[in-house]
Amino acid sequence: MAVPKRRMSRSRTRSRRAQWKAVPVQLVRIRVDGQERLVPANLRRAYERGLLR
């Protein structure tokens, strides 16, 4: 595991963390039991197989 040689300043740490941004989940429209739903793309197959409600 990498260990820093020197302490990182508070402002430097916070400005580095501020660059990270969450990405909204991509939703897809599917039909389950005659109803249209918006579900996350990575869970589409699970909804179609009936593993999730």
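## Surface at a glance

The chain exposes about 5,700 Å², and carbon and sulfur atoms supply 49% of that area. Keep in mind as you look around that this is a predicted model. Buried residues account for 11% of the 53 residues in the chain.

## Fold and overall shape

Let's walk along the chain. Its secondary structure comes to two helices and two strands, and reading along the sequence gives the pattern α-β-β-α. The radius of gyration is 21 Å, well over the 10 Å that the globule rule gives for 53 residues, so the chain is more spread out than a compact globule.

Taking contacts between residues at least 6 apart in sequence, 0% join residues at least 24 apart.

## A nonpolar patch

Back on the surface, there is a group of side chains to find in your viewer. Val-25, Leu-27 and Leu-38 form a nonpolar patch there, and together they have about 300 Å² of accessible area.

Val-25 is a handy place to start. You will find this residue in the loop between α1 (10–17) and β1 (27–32). Val-25 has a relative accessible area of 59%, and residues over 50% count as exposed, so Val-25 is exposed.

Definitions and conventions:
Residues numbered from 1 in each chain as written. Predicted model: local features only at pLDDT ≥ 70, side-chain atom pairs only at ≥ 80, totals over all residues. Heavy atoms only, no water. Helix = DSSP H or I, 4+ residues; strand = E, 2+ residues; numbered from the N terminus. Rg over C-alpha atoms; globule rule 2.2 N^0.38 Å. Buried < 20%, exposed > 50% of the residue type's maximum accessible area, 1.4 Å probe, protein only. Contact = heavy atoms within 4.5 Å. Areas by Shrake-Rupley, 256 points an atom, 1.4 Å probe, with all protein chains shown as cover. Patch = residues over 30% accessible without salt bridge, like charges linked within 9 Å, V, L, I, M, F, W, Y side chains within 5 Å. Salt bridge = Lys/Arg side-chain N within 4 Å of Asp/Glu carboxyl O.
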